[in-house]
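Please look through the sequence and the model first, then read the notes below.

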Amino acid sequence: MKCFLYAHFLCLCLLFSLEKSYGFEGRKIAENHHSHTIEVSSLLPSTACKSPNKVLSNNDTKASLKVVHKHGPCSTLNQDKTIAAPTDTEILLQDQSRVKSIHSRLSNPKTLGANDVKVIDATTIPASIGSGSYIVTVGLGTPQKQLSLIFDTGSDITWTQCQPCARSCYKQQEQIFDPSQSTSYTNISCSSPVCSSLTSATGNTPGCASSTCVYGIKYVDSSFSKGFFGAEKLTLTPTDAFSNIYFGCGQDNQGDFGGSAGLLGLGRDKLSVVSQTAQKYNKIFSYCLPSSSSSTGFLTFGGSASKNAKFTPLSTISTGPSFYGLDFTAISVGGTKLAISASVFSTAGAIIDSGTTITWLPPAAYSALRASFRKLMSNYPLTSAVSILDTCYDFSSYSTISVPKIGFFFSSGIEVDIDATGILYWSSKSQVCLAFAGNSNATDLLVFGNFQQKTLEVFYDGSAGKVGFAPGGCS
């Protein structure tokens, strides 16, 4: 009997040891029912790209692309050291501007006209939301040219810089696309109904130059793209290519796009790539954003969700129907549901957005989250804020920390746990912050950002009007 108990004790010790050393893509995290135990050293950013755990597969029903962070070591854009990565303050302030733009766009929907591409003034174009952090590489044209594009569920129109850059082009890593060298490129005429569709896709009335449709889109950081609206062959994988995909061929482009060639719009508007490929993929796509900028994820068009995915209905924002709306009902911290009235979430409404960094909550919800999180983290010293993040800790004297789990509840009754890597925003070892912020007003939309989506497989089924979440999606 004593031998059996001793052996059982050894097994438990071994299991505990394995749990302590187990980590997702190098992040050493141990789990218990209500908290994550994290090795502080694993929060440090890596300068090397880690091999992906998931091997991308393609078949007749789906097409998968590798996703990388545009400023991380896995990105080819990062090889150009002349394109500096933004600071934490710049990232967070740009995120704040993006969210304010979303709120403004929904509360004051309006459009202004664009002029001839040669004389168009960017100051006349109302600002749209920003661009995002993650990129995929696609083929454009015949013969195809490989282009790295930021993908964004909060944007609809797809665009890339085009030669001859009649006004200007910002610096990008790859060769700028030249439509004159493609046998499959065509311009869209001003009289085409497709040209008129740009109003809903960009928020701006299209212009006309030499009978060719002209688009213009400006983002909250004052970056912009303007040019001819055209149709071209888009190649996702060697077996999945689409002719006559509508896109913007930018002749005047300025801004900080991290060296990318443009943007891939994944919103719900009929000009988004999701809608334009619906005949094959039925408005189904999914992605997994990696746990850190030094690892990779995926973007898949078509296919089926993981067996352990939990689904909740998509809702529609009346003043912004191209956004993917969600119905949040509650938040839990450390296994305890917070005392927040469900009306706090229904009053604000919510969207999920791959281009917003952190999650922005209604003021009452953020106050409750912050108070509960601070209480459960009271053993650790608070330190100064990092930009808009006001709950920051100094972990320089710790080798491991215990962080309460955070979960979100939806109208369908499901709870989705945020991965450990999506709770804390690392600025330095002495400044590690809760990666959430509060909106200014109770009526401002809740925005579920990409930081909290990390390592989840997020599965959009636009035809069925639902979205699913599955843990461990990148592995």
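Which side chain does D152 join in a polar contact of 2.8 Å? The partner is S155; a polar contact is a pair of N or O atoms within 3.5 Å, where within protein one must be able to donate a hydrogen and the other to accept it, and residues adjacent in sequence count only if both atoms are side-chain atoms. This is a predicted model, in which local features need pLDDT of at least 70 and side-chain atom pairs count only at pLDDT 80 or more, while totals for chains, interfaces and linings use all residues. Residues are numbered from 1 along each chain as its sequence is written, and side-chain values use heavy atoms, with hydrogens and water left out.

**Annotated positions**

- The unreviewed UniProt entry lists D152 and D353 under "active site". Although the two are spread over 202 residues of sequence, they cluster in space, with a largest C-alpha distance of 7.5 Å.
- UniProt positions are given in the numbering used here, feature names are shortened, and annotations may be inferred rather than shown by experiment.

- D152 is found in strand β8, residues 145-152. Helices (H or I, at least four residues) and strands (E, at least two) are DSSP runs, numbered from the N terminus.
- D152 has a relative accessible area of 0% and is therefore buried. Buried means under 20% relative accessible area, exposed over 50%, and partly exposed in between (1.4 Å probe, protein chains only).
- D353 sits in the loop between β24 (350-352) and β25 (359-361). D353 also counts as buried, because its relative accessibility is 0%.
- Not counting residues up to four places away in sequence, D353 touches a set of residues including R98, D152, G154 and N450; contact means heavy atoms within 4.5 Å.
- The side chain of D353 reaches the backbone nitrogen of G154 at 3.4 Å.

**Salt bridges**

- The count comes to 4 salt bridges, each being a side-chain nitrogen of Lys or Arg within 4 Å of a carboxyl oxygen of Asp or Glu.
- One of them joins the side chains of R98 and D152, at 2.9 Å from N to O. R98 lies in helix α2 (residues 88-107) and D152 in strand β8, so this pair ties together parts that are 54 residues apart in sequence. Both R98 and D152 are buried.
- Another joins the side chains of D353 and R98, also at 2.9 Å from N to O. This pair links distant parts of the chain, 255 residues apart: the loop between β24 and β25 holds D353, and helix α2 holds R98.
- R370 forms a salt bridge with D390, the closest N and O atoms being 2.6 Å apart. R370 lies in helix α8 and D390 in the loop between β26 (382-383) and β27 (392-393), so the pair ties together parts 20 residues apart in sequence.
- R370 is partly exposed, because its relative accessible area is 25%. D390, with 27%, is partly exposed as well.

**Helix α8**

- At 1.5 Å a residue, the 14 residues of helix α8 (residues 363-376) should span 20 Å, and its end C-alpha atoms are 20 Å apart, which agrees. The expected span is 1.5 Å times one less than the number of residues.
- The buried residues of α8 are A365, Y366, L369, S372 and F373. They cover an arc of only 140 degrees around the axis, so they lie on the same side of α8. The arc is that of the directions from the helix axis to the C-beta atoms.
- An α-helix has 3.6 residues a turn, so residues three or four places apart point the same way.
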